[in-house]
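Hi,

Here is the model I promised to pass on. Have a look at it first, and then read my notes below.

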Amino acid sequence: MSLNSNYYCSVLKICTETRNIAQAKKIHCHILRTIKDPETFLLNNLVNAYSKLGDLTYARNVFDKIPQPNLFSWNTILFTYSKSGCLSEMKDIFNRMPKHDGVSWNSLISGYASRGLVTDAVKGYRSMLRYGAADLNRITFSTMLILSSSQECFDLGRQIHGQIVKLGFGSYVFVCCPLMDMYSKAGFVYDAKRVFDETPERNVVMYNTMITGLLRYGMVEDSWWLFHSMQEKDSISWTTMITGLTQNGLYREAIDLFREMRIEGLAMDQFTFGSMLTGCGGLIALKEGKQVHAFVIRTNHQDNVFVGSALVDMYCKCKLITSAEAVFKRMTQKNVVSWTALLVGYGQNGYSEEAIRIFRDMQRNGVTPDFYTLGSVISSCANLASLEEGAQFHGQAIVSGLFFFTTVSNALVTLYSKCGSTEDANRLFNEMNFRDEVSWTALISGYSQFGKADETIGLFEKMLAHGLKPDEVTFVGVLSACSRAGLVEKGYQYFESMVKEHGITPVVDHYTCMIDLLSRAGRLEEARRFINKMPMPPDAIGWSTLLSSCRLHGNLEIGKWAAASFQELEPHNPAGYILLSSIYAAKGKWDNVSELRRGMRIKGVRKEPGCSWIKYKGKVHIFSADDQTSPFLDQIYAELEELNHKMVEEGYVPDLSYVLHDVEESQKTKMLTYHSERLAIAFGLIFIPPGLPIRIVKNLRVCGDCHNATKIISKITRREILVRDAVRFHLFKDGTCSCGDFW
């Protein structure tokens, strides 16, 4: 080799290391001008340089001009096509080669394997066994094992393992690591452990691989033992352990290990920070999360998209949504994970409209949503009972092909269920290729929410018959259905079966359902005894449920006890005072009503003003009681006047006890007539075309008189009216409500 050739090869190496293709082409020109017949060695280096710099055309042009290409020449261009995915060219070059060695065969197999083409890769491997068995090496087996693992061809992996043992490659760490990984991903973690134990010399990579496999299947104690037995640990060892602990829900242990890692002075990468932030979010440990954020900035990882997305997720889980958005806005690079983290955060923190806005912004920025993003935005539509927008996303799911992902299908079933379209929800459920526990629970909850007790219980029994395990949410739906149907004994049976048959410890939501079950049935004393035996006090909804029933059944004694307990739990929640006031008002005890109001003023408790809203042609129309601001005021009040006449003819008598003011009866009637939900319903009757349901949202609980009035309106107008208040969904149809007489 001449000195010139050696010099040019050195310069070309620098060009590839610095990714400077322009300089490489200048060197190429200089070679052509100064060397009449370049040596094969130099031309091989040119092919290799262009290959590494990603210019296949120049690489092939140089190769074609080599007068007598040697094996290295052929292997270089073969590897170029293999790595770039040009498989037809790769195959053509391989077939033209006068001779093959291990590099040639491995390039061929790797080209197919990297594209997931199992059949072609296996065909190449078998040809190698037949014609080039002597060239089999660690890279061959490693490539085939990685292919078996990535494509879940575990039977193939077992066959490769047999050949590894037969041909004497079982002691090579380079082979054993992907073999262990393949077994652990297949669920054969003990086979992976056997490979680990039988390998005579293990390095840190083998330990890391084995720890990953153990943690993948929740074998935390074994992974701890292995981690502490390591004589040498690198950053990946620590990060693997931290990641596995967070994946197993052991967030506090992950945070403690992170602190140890810092003390050891080891370098941390994006995966370390990502896992650590997941742990902080899981514990809602804002203080530790902020400390990690500061460390991220100090180590200059804040511009990493993976770390940035984890920060957004952490702040969202800690309910600091403004900080999450601030981090998101400062991110120099954003991907679908970043956008989804913020979208989900808004949805989980009750800002469903903002979640939908984020989705629109994401699309405007040219980011294509994945199945998780689409499922999340559909869930936000479900929370808003916004069927119109949800239906648009349904169409997008069909067009994009994401509908067939279970996450998206489940979100759509939930959407239609919550919007009262249980028939559509059931149709979607039946069309699903695969139904998991969430699918069944979504439809069960939908039926339950709208008072379809028989369908709820029937579907629950079918779920059990299919061998699926119900969770806490499933039982909330079933118990609610029993409550609305008055099935007290059956409700008790399901409540007891949670612990005895399904190993589920009841939480406050289940106890609230039982309070509702007994209260609706008028068994108020039994409800009080049940509450006194509860392992925790009822929440605000539980006390509100009991108070509402006390008002319905006129039980002042238990009502006073429930109100006092409610006020002790949440002294600044006006619901307890207002519900007790309604009991006093129903009995004409206006002095007690006045006393309660004085108490509220002294304690600084304020009743939130009631308002209702309805969406029409993309715009939200908001109404308050006795509203005077709407531009459609005259039409709305005229519609209400006409409705009132028809309602009276149907036998409607206003329940004046819901007016907590000691005024004339005519004034009380007027106050009830102009409640915010009735104004919104009147607007809907005027503008929403016949045949379409009217969808109303109210920030407070619907009062009993409006509940009764809306049932009559649905009968008179023959319209479906869906009202979502602060407690539940109500579907009014043909003079009935999905929640029955007890709202």
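To start with a quick one: is Arg 718 buried or exposed? Arg 718 counts as exposed because its relative accessibility is 74%. (Buried means under 20% relative accessible area, exposed over 50%, and partly exposed in between, with a 1.4 Å probe and protein chains only.)

Before the rest, some housekeeping. This is a predicted model, so local features need pLDDT of at least 70 and side-chain atom pairs count only at pLDDT 80 or more, while totals for chains, interfaces and linings use all residues. Residues are numbered from 1 along each chain as its sequence is written, and side-chain values use heavy atoms, with hydrogens and water left out.

Back to Arg 718. The residue lies in the loop between helix H40 (704–717) and strand E4 (721–724). (Helices, H or I with at least four residues, and strands, E with at least two, are DSSP runs numbered from the N terminus.) Phi of Arg 718 is positive, near 55°, in a residue other than glycine. Arg 19 also has a positive phi, about 55°, although it is not a glycine. You'll find Arg 19 in the loop between helix H1 (3–17) and helix H2 (21–34), and at 53% relative accessibility Arg 19 counts as exposed.

Now the helices I went through.

H7 covers residues 102–114. Among the buried ones are Trp 105, Leu 108, Ile 109 and Tyr 112. They pack against H5, helix H6 (87–96), helix H8 (118–131) and H9.

H5 (residues 71–84) holds Asn 75, which is buried with a relative accessible area of 7%. Leaving aside neighbours within four places in sequence, Asn 75 is in contact (heavy atoms within 4.5 Å) with Met 97, Asp 101, Val 103 and Ser 104. Ser 104 is itself one of the buried residues of H7.

H11 (residues 173–185) also has 13 residues, and reaches 18 Å from first C-alpha to last, close to the 18 Å expected. This helix is mostly covered, with 10 of its 13 residues buried; these include Cys 176, Cys 177, Pro 178 and Met 180. The cover includes helix H9 (138–150), helix H10 (154–166), helix H12 (189–198) and helix H13 (204–216). After H11 comes Gly 187, with a positive phi near 95°.

What does Thr 199 touch, not counting residues up to four places away in sequence? The list is Gly 170, Ser 171, Cys 176 and Met 206, and Cys 176 is one of the buried residues of H11. Thr 199 sits in the loop between H12 and H13 and is buried, at a relative accessible area of 1%.

H21 (residues 336–348) has its end C-alpha atoms 18 Å apart, in agreement with the 18 Å that 13 residues should span. Here 11 of the 13 residues are buried, so H21 is largely enclosed by the rest of the structure. Trp 339, Leu 342, Leu 343 and Tyr 346 are among them, and the cover includes helix H19 (305–317), helix H20 (321–330), helix H22 (352–364) and helix H23 (371–384).

(UniProt positions are in the numbering used here, feature names are shortened, and annotations may be inferred rather than shown by experiment.) Residues 335–369 come out at 74% helix and 0% strand, with end C-alpha atoms 10 Å apart. For 436–470 the figures are 74% helix, 0% strand and 10 Å between the end C-alpha atoms.

Last stop, a strand residue. His 621 is in strand E2 (residues 619–624) and counts as buried at 13% relative accessibility. Leaving aside neighbours within four places, the contacts of His 621 are Ser 612, Trp 613, Ile 614, Tyr 616, Phe 632 and Phe 683. His 621 and Ala 680 are 59 residues apart in sequence, yet their C-alpha atoms are 8.0 Å apart in space.

Cheers

Note on methods. Expected span 1.5 Å × (residues − 1).
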